[in-house]
Amino acid sequence: MLPRRRPVACAYLGSQARAPADRRTSEADLSRRALITGITGQDGTYLAEYLTTQGYEVYGLVRGQQNPRVRQLRQSLGNVRLVRGDLLDQGSLISAVERVQPDEVYNLAAISYVPMSWQQAELTGEVTGLGVLRVLEAIRVCSGISASRSPGRGQIRFYQASSSEMFGMVRESPQTEQTPFHPRSPYGVAKVYGHFLTQNYRESYGMFAVSGILFNHESPRRGAEFVTRKISLGVAKIKLGYERQLRLGNLSAHRDWGFAGDYVTAMHLMLGQDEPVDYVIGTGVTHSVEDLLEHAFKVADLDWRDHVVTDAAFIRPAEVDKLCADASAARERLGWEPKMTFEELIGMMVEADLELLSSGGHAEDWFGDAW
Ligand code: GDD
């Protein structure tokens, strides 16, 4: 049972609930509370760890019965409190916001593997797109905000995980906050919906709602289906003699890859500003999948040309050829910049997977992306 610290005043639709601002004035001494959706994913775990070091009480939204990730999460992030809820279920999100009474909500949950969004396009729209609407509605309703009633000073602040996939077939390079979107997958389209909806709630209701347009960000906790981790695991398996080949898709795609641990600090900084503003977050350096192979195999003294096979099964119906961030606004206004280079990141991932597999661990020991 979660501790209750504030009077709850929340009802769905037409509520006259008191805004969190009213409730908080006499409770300024309490530590800040964050509610994270997608808590079991790579970004969720890094963000939870980071916010804990900043003195936050961290709550994570988890879905389903007997979700195996919940046990893993309890073992690795023992101080994170869990609340039940599902991005497909409006009522559960209202209950979660009502129970936690957060100061900040981070919506990181999504179906985030781009190829899956063609196979399950409708579900992707529901979770990755409409899920954003449901979280925003939960905040709006629980805060008693309406078209005629704006949020007060201590309102719940909302972060939406937007994606560089929204730029898709890029109109200019590098990409800034002003670059038009041209998404190339049902996932990218769903993210555009969430992005504009976040902006719309900000403009319609005066909510503190922002999007971080994050370029690819990776780590040893990345799901095994994403190309960086697939390669770091592949290198480790080949080095240890478990496998001889690694099958991949388009090797000429270019991405701006950074370290996820660096990127979650940008999310937090965005919610700490005086004004709600969207930011592009990336390194500004782009590499091809081939460059990635070159670096990753070199870490293990291997040559990728001896092991990599291209396989049409991994080619996408429509590709995003090249992404590169111009994060100068974040650097200038948030004081944010990435600390880890591409080479350090790939080195860290390969070393981590060599260690993991040599000690009998599995790729899923960190749980990957989640909704
Ligand atoms: N996953 C994968 N597997 N990608 C491959 C493979 C392969 O075998 N071979 C080549 N690639 C290429 C893909 O075609 C793509 O161009 C690139 O590697 C990166 O693929 P992913 O690692 O799957 O990431 P993504 O760029 O599609 O999307 C990721 O980054 C976005 C941020 O821009 C995801 O994390 C998204 O959820 C996120 O929004």
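A polar contact here is a pair of N or O atoms within 3.5 Å. Keep that cut-off at hand as you walk through this predicted model.

**Stop 1: the ligand.** Start by selecting the ligand, which you will find sitting in the largest pocket. Now show the residues around it: there are 23, and those that come nearest are S163, S164, Y187, R316 and E319.

Stop 2: Move on to R255, whose side chain places a polar atom 2.7 Å from an oxygen of the ligand. Then select R316: between an N or O atom of its side chain and a ligand oxygen, the distance is 2.6 Å.

**Stop 3: a salt bridge.** The model has 13 salt bridges. For one of them, select E49 and R221, whose side chains meet with an N to O distance of 3.1 Å. This pair ties together distant parts of the chain, 172 residues apart: E49 belongs to helix α2 (residues 42-53), while R221 is in the loop between β7 (217-218) and α8 (227-239).

**Stop 4: two backbone details.** Most residues other than glycine have a negative phi, and most peptide bonds are trans. With that in mind, go to the loop between β5 (157-163) and α7 (186-205), where P174 is found. Is the peptide bond from S173 to P174 cis or trans? It is cis, with omega near -5°. Finish at Q101, in the loop between α4 (90-100) and β4 (104-107). Q101 is not a glycine, yet its phi is positive, near 50°.

Methods:
Residues numbered from 1 in each chain as written. Predicted model: local features only at pLDDT ≥ 70, side-chain atom pairs only at ≥ 80, totals over all residues. Heavy atoms only, no water. Near = heavy atom within 4 Å. Polar contact = N/O pair within 3.5 Å; in protein donor to acceptor, adjacent residues only side chain to side chain. 1 Å grid on protein atoms, 1.4 Å probe; cavity = no way out; pocket = protein on both sides within 12 Å on 5 of 7 lines; lining within 4 Å. Sits in = over half its atoms within 2 Å of the grid points. Salt bridge = Lys/Arg side-chain N within 4 Å of Asp/Glu carboxyl O. Helix = DSSP H or I, 4+ residues; strand = E, 2+ residues; numbered from the N terminus.
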